[in-house]
Amino acid sequence: MSVRVYDLAHARAGDKGNTSNISVICYDATHWNFIERELTPERVADAFKHVAKGPVRRYPLRNLKAFNFVIENALGGGVTISLAQDIHGKSLSNVMLAIELPDPEARK
Amino acid sequence: MKSRETVRVGAGAGTSDDRIVPALELAERGDIDYLVFECLAERTVSRENLSRSKDPNLGYSPSLHARLRMVLPACMRNGIRIVSNMGAANPLGGARAARKEAADLGLGDVPVAVVLGDDVSSIVKHRPELKLIENGEPLESILPKMISANAYLGADVVCEALNTGAPIVLSGRVADPSLFLAPMLHEFDWSYDDLPKIAQGTAAGHLLECTASVTGGCFGWPGKKEVPDLARNGYPFADVKADGSIVIGKTPDTGGRLDVMTCTEQLIYEIHDPTAYITPDCVLDITGIALSEESADRVRVEGARARPRTETYKVNVGYADGYIGEGEVSYGGIDAVARAKWAAEIVKERLRLQGFVYDDFRVDLIGMSSLHDQVDIRPEPYEVRLRLAGRTRERKAAHAIGFEVRAMHMHGPGGAGGACEPRVRDVLAVKSVLLPRNLVNSQVIVEGTL
């Protein structure tokens with residue numbers, strides 16, 4: 001059994017230069033520890049390997065039930081020179097939401 | 001209703017292309033004291049520098065005309081002061097244009113306070129040794145192609161402009177949250193040493209700087225994150241008190257949604273290390289922030305912290321970096337994807353045969369892989385739009401991409417349709433350096449009679 005990040009959290013992507021930052025915000029604070037354990041920077045780097053070279057850093061924001069993932073070399077060289085259609089990488093939050101994690105209920 | 005000791009700062013734009021009607025609603029029905037228009041993306045100033053080099057009267061945000069024409073009567077009637085970076089590469093030119101709009105609207109002689117000094121191109125020219133933040137190389141490497149260099153100024157100089165009493169303040173490059181912090185400094189005389197207040201004001205500015213992003217824009221998801229009446233979503237404001245307390249609200253009787261979820265998404269937006277969001281006014285730490293819903297469409301912001309501002313300004317250096325060319329054509333029905341892939345190979349081969357070279361090149365199958373790549377694992381759609389794009393030093397090579405893609409109508413696989421005209425655009429790249437504060441001479445001048 002697995003769940004998607006989408007089932008437990010919402011997300012938004014932002015851009016600065018060639019770096020994308022993607023928030024992952026739990027709907028329910030009780031899932032924060034599970035996300036912390038399973039949604040590691042390595043797991044995220046693997047999910048993004050086709051669109052970003054990385055590295056990936058993760059910052060906890062416990063007060064906000066959230067994490068901030070900072071993904072470098074993710075925007076085709078940066079907004080100003082990128083050949084992509086989505087130069088800001090606004091759609092990249094959906095790569096995050098599609099990541100599958102083991103079911104938290106099954107692990108209790 | 002807001003209390004008498006509260007100052008209400010409204011967000012009227014979060015980018016030069018932002019919608020304008022919600023700003024008018026805020027001016028008419030939002031009971032605001034200030035209306036802030038943030039209209040400069042990273043490369044906008046470079047682009048406007050090019051406009052100014054063609055016509056010395058231009059170089060301010062072209063959206064200034066439409067925005068002021070729409071909101072100025074309501075702002076003047078309701079005593080709302082306007083703060084904006086729509087001055088872009090020519091704040092003085094912007095001020096003259098704004099004054100002319102006011103006069104044409106029958107509002108008389110409206111003085112405009114102008115913030116100058118963000119243009120540091122003549123200063124960095126003599127400092128080729130400054131290191132580019134992005135790659136560590138010296139500024140010298142891009143100096144010959146430099147179009148613009150603008151420091152992100154802070155709230156202090158914008159506050160100085162507000163102190164003149166002019167109803168409109170126009171600047172060039174100012175950090176986004178600083179535009180919102182400035183009215184708070186002006187109203188409450190906060191000192192930069194009073195870090196909890198500077199932190200709260202900066203956090204509020206960050207929440208407001210993308211307008212509808214806290215009121216349900218860029219948020220909704222059918223069946224999952226519903227946003228009521230999104231077509232009529234309103235713009236937000238901050239209710240600020242002298243003690244630094246902040247509540248975010250939105251124009252009454254508008255659509256959209258403002259709650260802890262929308263505010264959390266915007267709070268983390270474009271932040272890297274959440275303990276060190278560097279603005280010209282402070283180094284903000286958002287990790288201690290608590291958001292709570294005070295009532296419908298009102299979110300309280302508490303617990304922002306900050307360390308003192310740094311000794312440097314971040315400077316964006318814009319430079320010309322060749323051209324991007326692109327073309328698109330569509331395939332539908334049986335073997336649509338196979339035909340599109342074949343067409344891509346033919347175009348690439350024809351470009352190669354003509355000797356064109358590209359620093360970067362990209363093939364997208366729109367409908368499969370243009371956003372998240374991995375074409376090999378995506379299901380095939382009924383129809384697909386092929387897009388080819390390349391970056392190059394030569395305009396001719398850039399144009400050839402769209403030219404050859406369009407030629408797929410007659411010289412490619414069967415059944416190609418709907419090719420676009422060849423597209424070419426100048427690349428305005430941006431890199432950044434840090435410049436010691438004492439080298440930047442920001443100042444305020446007033447156009448018109450106070």
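Author: A residue is buried when its relative accessible area is under 20%, exposed when it is over 50%, and partly exposed in between (1.4 Å probe, protein chains only). The model is predicted: local features need pLDDT of at least 70, side-chain atom pairs count only at pLDDT 80 or more, and totals for chains, interfaces and linings use all residues. Residues are numbered from 1 along each chain as its sequence is written, chains are lettered from A and ligands numbered from 1 in the order in which they are written, and side-chain values use heavy atoms, leaving out hydrogens and water.

Reader: Is B:Lys100 buried or exposed?

Author: B:Lys100 counts as exposed, at 51% relative accessibility. B:Asp104 is exposed as well, with a relative accessible area of 55%.

Reader: What joins B:Asp104 and B:Lys100?

Author: Side chains of opposite charge can pair when their charged atoms come close. The term salt bridge is used for a side-chain nitrogen of Lys or Arg within 4 Å of a carboxyl oxygen of Asp or Glu. B:Asp104 and B:Lys100 form one, their closest N and O atoms being 2.9 Å apart. Both residues lie in helix H4 (residues 91-104) of chain B, four residues apart, about one turn of the helix. Helices (H or I, at least four residues) and strands (E, at least two) are DSSP runs, numbered from the N terminus.

Reader: How many salt bridges does the structure hold over all chains?

Author: The structure holds 36. In one of them, B:Arg393 meets B:Asp321, with the closest N and O atoms 3.1 Å apart. B:Arg393 lies in the loop between strand S16 (383-392) and helix H11 (395-406) of chain B, and B:Asp321 in strand S14 (residues 312-332) of chain B, so the pair ties together parts that are 72 residues apart in sequence. B:Asp321 counts as buried, at 11% relative accessibility.

Reader: Which residue forms a salt bridge with B:Glu328?

Author: The partner is B:Arg385, and the closest N and O atoms are 2.7 Å apart. Strand S14 of chain B holds B:Glu328 and strand S16 of chain B holds B:Arg385, so this pair ties together parts that are 57 residues apart in sequence. B:Glu328 counts as buried, at 10% relative accessibility. Salt bridges that share partners join a network whose members include B:Glu326, B:Glu328, B:Arg385 and B:Arg425.

Reader: How much area do chain A and chain B bury between them?

Author: The size of an interface is often given as the accessible area lost when the parts come together. Here the buried area (accessible area, 1.4 Å probe, that two parts lose on being put together, summed over both) is about 3800 Å², 57% of it on carbon and sulfur atoms. In chain A, the residues that lose the most area to chain B are A:Arg12, A:Thr80 and A:Leu83, together 23% of what that side buries.

Reader: How many salt bridges are counted between chain A and chain B?

Author: The count is one. A:Arg12 pairs with B:Glu265, the closest N and O atoms being 3.0 Å apart.

Reader: How many aromatic pairs does the search find over all chains?

Author: A pair of aromatic rings is described by the distance of the centres and the angle of the planes. Rings of Phe, Tyr and Trp (its six-membered ring) pair if their centres lie within 6.5 Å; planes under 30 degrees apart count as stacked, over 60 as edge-to-face and the rest as tilted. The search of the whole structure finds four pairs. The rings of A:Tyr6 and B:Trp221 have centres 5.5 Å apart and planes at 50°, so this pair is tilted. The pair crosses between chains, from A:Tyr6 in helix H1 of chain A to B:Trp221 in the loop between helix H8 (195-208) and strand S7 (236-240) of chain B. B:Trp221 is partly exposed, with a relative accessible area of 29%. B:Phe188 and B:Trp190 form a stacked pair, 5.5 Å centre to centre with 25° between the planes. B:Phe188 and B:Trp190 are both buried.

Reader: Which peptide bond is cis, with omega near 5°?

Author: Most residues other than glycine have a negative phi, and most peptide bonds are trans. The bond from A:Gly54 to A:Pro55 is the cis case. A:Pro55 lies in the loop between helix H3 (41-47) and S4 of chain A.

Reader: Where does B:Asp31 lie?

Author: B:Asp31 lies in the loop between helix H1 (21-29) and S2 of chain B. B:Asp31 has a positive phi of about 55° although it is not a glycine, and it is partly exposed, with a relative accessible area of 39%. B:Asp189, also not a glycine, has a positive phi near 60°. B:Asp189 lies in the loop between H7 and H8 of chain B and is exposed, with a relative accessible area of 67%.
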